[in-house]
Amino acid sequence: MITMAKARKQRKTFTIDDREIPFKEGETVMQAAAKAKIYIPHLCFNPEFTPNGSCKLCTCEINGRKTSSCSTKAEQGMQVKNETHELTMMRRTLVQMLFVEGNHYCPFCERSGNCQLQALAYDLGMTDLHFPRFNAKRNVDASHPDIMIDRNRCIFCELCVRASTEVDKKDIFSIAGRSINKRLVINSKSGDLKDTEMKATDKSAHICPVGCIIIKGEGFKTPIGQRIYDKHSIRDVGNIRPDSFIEEPSQTEVEKPVEQKKKIKVASCSLAGCFGCHMSFLDLDERIIELLEQVELSRSPLNDIKSCAPDCDLGLIEGGVCNTENIEVLRHFRESCRIIIAVGSCAINGGVPSLRNSIDVKACLDESYINGIGVVNPKIPTDKEIPYLLEKVYPIHEVIKVDYFLPGCPPSADAFWKILNDLLDGKEPELPYDLLHFD
Ligand code: SF4
Ligand code: SF4
């Protein structure tokens, strides 16, 4: 008979961040971690399918060497580091690379709020893209009556490939090409989804962790606030721990402003944006009165002052950079303001205005002034007073140095409140998970 002590002695274990984890022979580090309810970030791993180790987000330091935890077998006495600053920074960089490599514009993606890439970016505290956008131009396949594929959002996790082969037994998807030419292909003669046996009920139609394979007619139906990752972090939902779903997340704690804060000078402007971020700022409602006791407004559309005081503490900039005047305004802000915050999706990644980035400027002007519906007296205006359009719309950090990023389309009033109060308190601004939104 095996005693408890003997069983414990025979039990195989390894450690993750110094916590002892049991495992069964043949299990990977990721599988054992999941069973022990330890979250290791991942995108291409799904417990239902053979691991393929392509996304590299689950990279851990295993016995001192960085390697994928989804494809490394657990071994007795193994030492795994998962939650280190270095690994978080590396994972954040990987996610930023995925964002710029595809066209990830969360505010108008129907997977927003239900997307694992987005939720992982929140979890890793990503507030900006860091790298220039690739502006991918990959085909969208809307040929199927029930399913649509926007290849510009594919992260090449191969989950659809594995689901189609291993579960649906249809082998509909493949990944072809390398590097920048890598793409999702459909295994039909025409290359179109309509010429396959794919059905909306197939596993592969529901496995995509991002907004690449989507079911038609279902988009945007889930009200904001009821989408999976609006209320729950990827650590609770993920795709490996649905059992630990948290029922009631704690309410957003809005920090009370500390009395006697030093008054700071704040300027704001809107470049190529819709003023939505400024409108959201106004949603602070009566808190604005409280704020005005701490803040003096310099240049801003809110007071119509046209020039920044030279000694501003803070510049809030909404909108992307689309023309020569925007560049001038940005430089003026950078010269005048000690701290610059890029506010909202357009300032941070180009947002809606940058949808024109994959279209030639001449074609945009022709469409607007010559061929557009309802155009009278077709002529492209050439007045000297009108600033020149740039070839592309740029996020502001590609033109000037940006100190902090306040994401959202628009960021909520609570997010403005939190970041401004952090600065007033002399703290490094930091947004908690529930205030971090890209849409
Ligand atoms: S919601 Fe997800 S798939 Fe959609 S744009 Fe954002 S990151 Fe990309
Ligand atoms: S379509 Fe979706 S599931 Fe398939 S490889 Fe691309 S991101 Fe992954």
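**Exercise 1. The ring of Tyr433 and its partners**

Is Tyr433 buried, partly exposed or exposed, and at what relative accessibility? Determine also how the ring of Tyr433 is placed against that of Tyr122.

*Solution.* The structure is a predicted model, in which local features need pLDDT of at least 70 and side-chain atom pairs count only at pLDDT 80 or more, while totals for chains, interfaces and linings use all residues. Residues are numbered from 1 along each chain as its sequence is written, chains are lettered from A and ligands numbered from 1 in the order in which they are written, and side-chain values use heavy atoms, with hydrogens and water left out.

Step 1. Buried means under 20% relative accessible area, exposed over 50%, and partly exposed in between, with a 1.4 Å probe and protein chains only. Tyr433 has a relative accessibility of 22% and therefore counts as partly exposed. Tyr122, with a relative accessible area of 3%, is buried.

Step 2. Rings of Phe, Tyr and Trp (its six-membered ring) pair if their centres lie within 6.5 Å; planes under 30 degrees apart count as stacked, over 60 as edge-to-face and the rest as tilted. A search of the whole structure gives six aromatic pairs. In one of them, the rings of Tyr105 and Phe108 have centres 5.6 Å apart and planes at 15°, so this pair is stacked. For Tyr122 and Tyr433 the centres are 5.9 Å apart and the planes stand at 90°, so that pair is edge-to-face.

Step 3. The pair links distant parts of the chain, 311 residues apart: Tyr122 belongs to helix α4 (residues 116-123), and Tyr433 to the segment after α12 (413-424). Helices (H or I, at least four residues) and strands (E, at least two) are DSSP runs, numbered from the N terminus. Phe99, Tyr122, Tyr433 and Phe438 make up one aromatic cluster.

**Exercise 2. Charges over rings**

*Solution.* Step 1. A charge sits over a ring if NZ of Lys or CZ of Arg is within 6 Å of the ring centre and within 35 degrees of the ring normal.

Step 1. The charged end of Arg133 is over the ring of Tyr105, 4.1 Å from its centre. Tyr105 is buried, at a relative accessible area of 7%, whereas Phe108 is partly exposed at 30%.

Step 2. Arg287 lies over the face of Trp417, at 5.3 Å from the ring centre.

**Exercise 3. Glu101**

Where is Glu101 placed, and which side chain does it join by a polar contact?

*Solution.* Step 1. Glu101 is in helix α3 and counts as buried, at 17% relative accessibility.

Step 1. A polar contact is a pair of N or O atoms within 3.5 Å; within protein, one must be able to donate a hydrogen and the other to accept it, and residues adjacent in sequence count only if both atoms are side-chain atoms. Such a contact, of 2.7 Å, joins the side chains of Glu101 and Arg138.

Step 2. Neighbours within four places in sequence aside, Glu101 is in contact (heavy atoms within 4.5 Å) with Phe134, Ala136, Arg138, Cys154 and Phe156.
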